[in-house]
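Q: Could we go through this structure together? I would like to begin with its pocket.

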Amino acid sequence: MQNRTRNRQLNLKFTDDEFEYIKAKKDLAQSQNYTDFILKIAAHSNIYSIDTMPLIEVAKEVNKIGVNINQIAKIINTTGNVYENEIKDLQNKIKRLEEITSDAYSYFIKLKDGKL
């Protein structure tokens, strides 16, 4: 034990579920022991803090489109007619969704490439 280079100790506590999860990951990584596994993760993993607002905006727009489609379907089923302004409103929302989706995609590509 005199040849040890690691002279600092960190004690961790886990719930049973957390421990089983870590054990399964260690086994998948084919690590010999928990120390090697945890060090491998800590020393060689990147930590990302991701702003999920672009995805939330996409979800909101998709919801708005779904509401419009339901309204149009109800009108068609009730009257047999569809109004041009409702179709145009739906087209505008789809166009807005495409813009937001494109912006979100660009954001995540920049994040992936380390440009943010």
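**Pocket, helix contact and confidence**

Q: What volume does the largest pocket have?
A: In this predicted model, the volume of the largest pocket is about 590 Å³.

Q: Which residues that line the pocket are the closest to its centre?
A: The lining consists of 15 residues, of which R8, Q9, L10, T35 and L39 are the closest to the centre.

Q: And which elements give two or more residues to that lining?
A: Those elements are α1 and α2. Helix α2 gives the most, with five residues.

Q: How do the lining residues divide into nonpolar, polar and charged?
A: Nine of the lining residues are nonpolar, three are polar and three are charged.

Q: Turning to the helices, at what angle do the axes of α1 and α2 cross?
A: Helix α1 covers residues 16–28 and helix α2 covers residues 34–44; their axes cross at roughly 85 degrees and come within 10 Å of each other. Because angles of 65 to 115 degrees count as roughly perpendicular, α1 is described as roughly perpendicular to α2.

Q: Which residues meet there?
A: From α1, the residues are F19, I22, K23, K25 and K26, and they meet Y34, F37 and I38 of α2. By class, this contact has five nonpolar and three charged residues, with no polar ones.

Q: Where is confidence lowest, and where is it highest?
A: Confidence is lowest in helix α4, residues 84–112, where the mean is 86. Helix α1 has the highest, at 94.

Notes: Residues are numbered from 1 along each chain as its sequence is written. This is a predicted model: local features need pLDDT of at least 70, side-chain atom pairs count only at pLDDT 80 or more; totals for chains, interfaces and linings use all residues. Side-chain values use heavy atoms; hydrogens and water are left out. Axes are lines fitted to C-alpha atoms, for helices over the stretch in contact, and angles run from 0 to 180 degrees between N-to-C directions. Helices (H or I, at least four residues) and strands (E, at least two) are DSSP runs, numbered from the N terminus. Angles under 35 degrees count as roughly parallel, over 145 as roughly antiparallel, 65 to 115 as roughly perpendicular and the rest as oblique. Contact means heavy atoms within 4.5 Å. Ala, Val, Leu, Ile, Met, Phe, Trp, Tyr, Cys and Pro count as nonpolar, Asp, Glu, Lys and Arg as charged, and the others, Gly among them, as polar. On a 1 Å grid over the protein atoms alone, a cavity is a set of points where a 1.4 Å probe fits but cannot get out, and a pocket is an open set with protein on both sides within 12 Å along at least five of seven lines; lining residues have an atom within 4 Å of a point. Grid points are joined across faces, edges and corners, and a volume is the space filled by probe spheres set on the points. pLDDT is the predictor's confidence in each residue, from 0 to 100.
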